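Please look over the sequence and the model shown here before reading on.

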Amino acid sequence: MSDTHQQSSHPPQGSPRRRVLIVGGVAGGASCATRLRRLDEAAEIVLFDRGPYVSFANCGLPYHVGNVIADEEKLLVASPETFRQRFNVGVHTESEVTVIDRATRLITVRDLRTGAERQEPYDVLVLAPGAAPIRPPLPGIELPGVFAVRSIPDTRRIRAWIETHQAKTAVVVGGGFIGLEMVENLVHRELSVTVVEKLPQLMPPLDPEMAVPVTEHLQARGVELRLGDGLARIEAAGGARLRVISESGTQSPADLVILAIGVRPETALAQNAGLQIGARGGIVVDEQMRTADPHIWAVGDAVEVRDVLTGQETMLPLAGPANRQGRIAAECIAGRPTRFRGVQATAVVGVLGMTIASTGASEKGLRRAGMTAFQKVYLHPGHHAGYYPGARPIHLKLLFSVPEGRILGAQGAGTEGVEKRIDVIATAIQFGGTVHDLAEAELCYAPQFGAAKDPVNLAGMIAQNALSGDMPLAEWEQLGRTDALLLDVREPDEFAAGHIPSAINLPLSQLRQRYTELPRQREIWISCGVGQRAYYATRFLAQHGYQPRNLSGGYTTYRALKLADLVP
Ligand SMILES: Cc1cc2nc3c(=O)[nH]c(=O)nc-3n(C[C@H](O)[C@H](O)[C@H](O)COP(=O)(O)OP(=O)(O)OC[C@H]3O[C@@H](n4cnc5c(N)ncnc54)[C@H](O)[C@@H]3O)c2cc1C
């Protein structure tokens, strides 16, 4: 972000009322308009959107396709009439802003119904144009039956296509948030779904091993996955049918194709007006969401924001940041010096009963940012006390700085209670928390909701043990390169059902009697099912003069790392 501007766009007392024009009337734009009205009754506020609606729930669109939200009207959070009546905000739909003339402070607006153009003067301009789905220029991408999901007209077209052509099969291109939500909703409508994803994993923001549970979950529910295999082209296959061909040459028949391969910030308007576009492709703003032009603000998916963990500029097309930025821009326009703190990428997605959530940096994100002074722990606790029926595992990964223990990021996957834990950790990150804070966090507990040591506490305690040296960690990545003895302390039947290659088995239940069989001069890397028994063994051997290290998360983590191709 550039430096905060000192110049205020607040009009001097007694001047004519300010005209605030807002381009884009959904998450960021609508938040800005209504917050500004609550702070400034005098300003004239007008929203322009090129679509037929303002303030609609884009996040609800996939569920409308799936008939979970059957009534389209439910997606309309506020109508133009509500804006006028309740907030005295003018709304022009199907009105595209095509030019910004910064010298004269005029925008050109094209009425998409008539084609007529007019100019509108502004004192303050807010850009909230969002981001558009990426449509790569591949053969067949414009064929009928190939859709992206951004607007209500898009979902109307998809629903009509499914019904008219009695669609039975779909290909979703892209295995990120929107792609997975579309998978869930197409499966709800009883379509057979294939996902084509160029990366070798689903959910690209996650570290690969943390995406393994969702891969297995989808496969178990009959979703076909083509990972590590990008879209090459789409062909017409007779009637309304399509054929999707991936880079490997694999063909998937489809009655419809959903493109969900990411979004591109809508920056053309800003760029043509000479506003700065950053290296990540978004409009550059300061902490008050103002561009280098003191009369122009920008918010939402179209702007670059600072990642508070890596300190780098990033794009984060999510609704929470867009809404908060709209509110902050309004406050600053009203003369309050509020600042946007940056983002930490807290996100969640649900797919067919599985929840995947994350906050802060991923391991690959930290490495990309050149950060190396960190450690990670894995754990797989139940979402509530094991003795209460129905406990389900949560797969958690926690990243923290060394030696301070500052929390850098967390990822979780499971069927219950995942987002609650990630939200707690997200809040701790926001307050600059450490793993010690997580260990001590006082959280709700009764058997049906959690455990006396909640998964969040356990994550903190395991990290504390690693930092204090009570439980030195072995690096999973070194598994094929170490001459340490690999010791599995599970029971023989568990060991027989699958173990790390070249590991030997000495169950924890026999360790006190047989530990002298182990070498004292060699490091011993210990694993079990999820890490707990290995921790007990580590503490025992350390206190008997051995050199143990813990393979965090045990065989459960090993399996995920192996399936993600990260260990031999
Ligand atoms: C299918 C889907 C599901 C999503 N699910 C989630 C979720 O579960 N959680 C989450 O956090 N985020 C989700 N998002 C992302 C979230 O919706 C966006 O991050 C958020 O809406 C961005 O707000 P914005 O104001 O920047 O842009 P938008 O909400 O996209 O609004 C931009 C508006 O500006 C209009 N516009 C653009 N250019 C012009 C112009 N020149 N003139 C006039 N109007 C213009 C556009 O038509 C659009 O209506 C989802 C997005 C989609 C598409």
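## Terms and basis

Two residues are in contact when heavy atoms of theirs lie within 4.5 Å. The model is predicted, with local features requiring pLDDT of at least 70 and side-chain atom pairs counting only at pLDDT 80 or more, while totals for chains, interfaces and linings use all residues. Residues are numbered from 1 along each chain as its sequence is written, and side-chain values use heavy atoms, with hydrogens and water left out.

## The protein as a whole

The protein contains 16 helices and 29 strands, where helices (H or I, at least four residues) and strands (E, at least two) are DSSP runs numbered from the N terminus. Its radius of gyration, taken over C-alpha atoms, is 27 Å, close to the 24 Å that the globule rule gives for 568 residues, so the protein is as compact as a globular protein of that length; the rule itself is 2.2 Å times the number of residues to the power 0.38. Along its principal axes, the C-alpha trace spans about 85 × 65 × 40 Å.

Of the 568 residues, 53% count as buried, a word that here stands for under 20% relative accessible area, with exposed meaning over 50% and partly exposed in between (1.4 Å probe, protein chains only). Among the contacts with a separation of 6 or more, 63% join residues 24 or more positions apart. The side chains include 58 positive and 60 negative ones, and the centres of the two sets lie 0 Å apart; Lys and Arg count as positive and Asp and Glu as negative, with His and the chain ends not counted, and each charge is placed at NZ of Lys, CZ of Arg, CG of Asp or CD of Glu.

## Confidence

The mean pLDDT, which is the predictor's confidence in each residue from 0 to 100, is 96 for the protein, and 97% of the residues reach 70 or more. Over residues 1-10, however, the pLDDT is below 50, although this stretch has 31 contacts in the model beyond near neighbours in sequence.

## Helix 16

Helix 16 covers residues 554-563, and its buried residues are Gly554, Tyr555, Thr557, Tyr558, Ala560 and Leu561. The cover over these buried residues includes helix 6 (212-220), strand 23 (374-379) and strand 28 (523-527). After helix 16 comes Asp565, which has a positive phi near 65 degrees.

## Backbone features in loops

Gln166 belongs to the loop between helix 4 (152-164) and strand 10 (169-173), and its phi is positive, near 45 degrees, in a residue other than glycine. With a relative accessibility of 59%, Gln166 counts as exposed. Ala345, in the loop between helix 8 (319-333) and strand 21 (347-351), also has a positive phi, about 60 degrees, although it is not a glycine; its relative accessibility of 26% makes Ala345 partly exposed.

The peptide bond from Val402 to Pro403 is cis, with omega near 10 degrees, and Pro403 sits in the loop between strand 24 (394-401) and strand 25 (407-414).

## Pro204 and its contacts

Pro204 lies in the loop between strand 11 (192-197) and helix 6, and at a relative accessible area of 25% Pro204 is partly exposed. Leaving aside residues up to four places away in sequence, Pro204 touches Gly175, Gly176, Glu197, Leu199 and Lys364. The C-alpha atoms of Pro204 and Thr359, which are 155 residues apart along the chain, are separated by 14 Å.
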